[in-house]
Amino acid sequence: MASLTIENLRKNYGATEVLKGIDIEIDDGGFLVLVGPSGCGKSTLLNTIAGLEEITSGDIKIGPKSVSGLHPSKRDIAMVFQSYALYPNMTVAQNISFGMEIRGIDKSEREAAIQKVADMLQIGELLHRKPSQLSGGQRQRVAMGRALVRDPQVFLFDEPLSNLDAKLRVDMRTEIKRLHQRMGTTIVYVTHDQIEALTLATKIAVLKDGYLQQFGTPAEVYNDPENMFVADFMGSPSMNLIEATVREENGKAAIQIAGDGAGAGDITLPANTPGLRDHMGGKVMFGIRPEALTDPEGADRTGADIIQQDCLIEVVEPAGSDTFAVTRLGGVEAIARLRADADIHAGQTAPLAFNMTKAVFFDPKTTARIR
Amino acid sequence: MSAPSQDNAVKGSIITRAIIYVVLILFVIYYLLPLYVMLVNSVKPLEEIRSGNMMEFPKVWTLEPWRAAWSYAQIGVEPSGLRPYFINSILMVVPAVLLSTILGALNGYVLTKWQFKGHGIVFGLLLLSCFIPFQIVLIPMARVLGFLGISGTIPGLVLVHLIYGIGFTTLFFRNYYAAFPTELVRAAQIDGAGFFQIFWRILLPSSAPIAVVTIIWQFTNVWNDFLFGASFSDFDSVPMTVALNNLVSSSTGVKEYNVHFAGAILAALPTLIVYIVSGRYFVRGLMAGAVKG
Ligand SMILES: Nc1ncnc2c1ncn2[C@@H]1O[C@H](COP(=O)(O)OP(=O)(O)O)[C@@H](O)[C@H]1O
Ligand SMILES: [Mg+2]
């Protein structure tokens with residue numbers, strides 16, 4: 001077990017810069033999730049940690065020791081690949097023990113280690129099969145087994161669940177979390193799925209176009225996004241981002257959302273984010289998550305700043321545990337998350353509760369957060 | 001409504017099938033006819049060929065032409081039969097095929113999994129070697145063989161075929177390994193396997209289809225080559241193809257067609273056997289390449 005430190009890491013492929021100065025630090029036993037849209041450099045970052053890609057500048061430390069320039073097999077890491085990368089010509093047992101075989105560990109010791117991992121992952125009866133004879137979920141387990149058997153300082157996972165069907169993905173997610181709690185080994189985990197990131201991580205690094213957008217706990221990233229990209233990317237359904245004008249009302253700042261010129265009028269909401277004063281009279285982006293925009297009965301009663309406004313409901317989407325209602329705010333669709341049994345119909349004008357303590361604001365030009 | 005149309009479809013398909021089969025059978029006959037002629041005439045006494053129809057079955061069966069072709073027919077000036085030349089060809093083909101296949105596999109491995117600056121250019125140059133006409137290199141090649149002191153020897157011929165083969169074998173393996181998942185190589189690197197361990201333990205065991213394709217390709221080309229054999233061999237290193245030509249064109253006395261037929265079959269036999277034994281894998285290998293590549 002060890003901490004992991006990434007300092008001002010840059011990576012170029014020829015003239016194209018793929019990682020543009022990444023700084024991340026994660027404690028011993030932490031679960032770091034690298035999340036971002038496809039092509040943002042997550043796999044590249046993970047591969048540089050593994051030593052499979054050389055870095056252009058910066059440093060990577062596992063524990064106190066820099067590993068830059070060390071061969072992958074000398075970094076004391078283990079990796080689970082997106083495609084699982086099981087050796088097709090070897091049985092499951094041979095796959096798991098290949099690394100030990102290369103390191104010249106003797107047979108009895110290898111077998112004991114295989115057995116231990118097989119018990120832990122319940123793959124005992126698969127040991128003599130070839131990868132082609134396994135289901136997707138079984139292959140995934142074997143790939144994990146091959147990593148576990150190394151007992152490394154850091155586990156690296158590259159989208160390990162993305163090839164599984166939805167149900168299995170949720171099961172394996174829980175299992176990975178349980179394994180982490182049990183072993184306490186540092187994990188770096190790549191995914192493009194923000195739900196996986198939120199459920200698994202102790203720290204999340206959100207990446208876009210090779211830049212680190214935000215690094216923080218799941219709660220920080222979710223509730224306190226640094227910019228519009230993070231706000232939009234994390235959470236499902238994603239945050240409503242609505243154009244609004246900053247006004248002064250009774251000596252306090254407020255935002256005004258333009259109506260559609262027909263049925264719905266302008267909406268004015270009080271907003272006491274200090275930074276809004278610098279934007280007085282100008283436009284800002286008002287961000288509110290669907291769960292902070294709800295039916296009055298379902299609103300968070302502890303919220304200090306709950307404002308009711310009448311909104312025209314365009315579409316109602318019951319989703320079992322919740323009902324989603326689509327309305328129109330500032331010319332764009334906004335999603336509200338209501339109780340499952342909320343009495344609401346499409347075409348109706350209904351009061352919605354805005355939980356303004358949860359509201360966030362962004363500068364539309366720079367997309368940065370206004371605090 | 002659907003029943004009659006289905007009926008028609010079935011009838012239609014029977015007629016189409018019949019046509020397809022007839023055409024196929026015609027093609028089979030067309031392709032097998034030369035083999036038939038060769039076989040039938042190689043077991044006839046010479047008088048029967050000269051007096052009668054080439055297509056007829058022998059009235060008197062004899063294996064004498066085969067025996068003559070193999071062990072005592074006049075080849076050029078020696079009455080040695082084709083046997084020594086057959087052995088020459090084997091001694092030339094086996095190392096040439098094995099070495100070019102192994103080098104092609106290694107090249108393909110490096111060009112796909114250990115890419116270096118300029119790997120594209122290296123591959124392009126190797127490919128170019130596939131398209132250089134044989135005649136152009138005859139004289140430079142002769143100089144090189146002379147310089148190395150192996151002109152007119154079997155190792156010299158092996159070298160020539162090795163050099164000419166590498167372009168193709170590299171092409172085959174490179175395309176096959178391009179579709180081989182790089183993540184497997186990375187996993188093996190993390191497991192601590194080195195360059196040759198990864199090649200030997202991970203890539204080669206999955207290379208059977210392309211290895212078969214390459215071996216068949218190289219075997220047929222090297223075995224059937226005439227120009228290099230005629231240009232770079234000496235009395236004691238003449239390969240089968242050149243010897244067959246010498247047999248057929250030996251001008252002493254009458255043309256023994258039955259012996260020529262038997263000799264020609266002997267010369268074709270190894271490639272035939274290679275195809276029959278591994279033809280199934282050949283097709284499969286080409287298909288695998290087509291699907292993946
Ligand atoms: N070997 C390479 N050569 C050039 N560009 C590459 C190479 N590998 C990845 N890239 C580029 O780097 C970027 C990040 O890739 P990657 O790390 O695989 O993204 P992610 O895993 O986040 O989807 C992509 O734009 C990709 O095209
Ligand atoms: Mg990736």
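This is a predicted model: local features need pLDDT of at least 70, side-chain atom pairs count only at pLDDT 80 or more; totals for chains, interfaces and linings use all residues.

Biologist: How many helices and strands are in chain A?

Modeller: Chain A has eight helices and 21 strands. Helices are DSSP runs of H or I with at least four residues, strands are runs of E with at least two, and both are numbered from the N terminus.

Biologist: What does the C-alpha trace of chain A span, and how much of the chain counts as buried?

Modeller: The trace spans about 80 × 45 × 35 Å along its principal axes. Of the 371 residues of chain A, 52% count as buried (under 20% relative accessible area, with a 1.4 Å probe and protein chains only).

Biologist: Switching to helices. At what angle do H2(A) and H3(A) pack?

Modeller: About 135°, with the axes of H2 (residues 92-102) and H3 (residues 107-121) of chain A 10 Å apart. The axes are lines fitted to C-alpha atoms over the stretch in contact, and angles run from 0 to 180 degrees between N-to-C directions. H2(A) and H3(A) are therefore oblique to each other; angles under 35 degrees count as roughly parallel, over 145 as roughly antiparallel, 65 to 115 as roughly perpendicular and the rest as oblique.

Biologist: Which residues meet there?

Modeller: From H2(A), Ala93(A), Ile96(A), Ser97(A), Met100(A) and Glu101(A) meet Arg110(A), Ala113(A) and Ile114(A) of H3(A). Contact means heavy atoms within 4.5 Å.

Biologist: And the largest nonpolar core, how many residues has it?

Modeller: It has 53 residues, and Leu34(A), Leu45(A) and Leu203(B) are among those with the most contacts inside it. Such a core is a set of buried Ala, Val, Leu, Ile, Met, Phe, Trp, Tyr and Cys residues joined through side-chain atoms within 4.5 Å. Helix H8 (residues 182-190) of chain B gives the largest share, five residues.

Biologist: Last one: is Phe173(B) buried or exposed?

Modeller: Phe173(B) is buried, with a relative accessible area of 1%. This residue is found in helix H7 (residues 154-178) of chain B. Phe173(B) and Gly104(B) are 69 residues apart in sequence, yet 6.3 Å apart in space, C-alpha to C-alpha.

Note on methods: Residues are numbered from 1 along each chain as its sequence is written. Chains are lettered from A and ligands numbered from 1 in the order in which they are written. Side-chain values use heavy atoms; hydrogens and water are left out. Buried means under 20% relative accessible area, exposed over 50%, partly exposed in between (1.4 Å probe, protein chains only).
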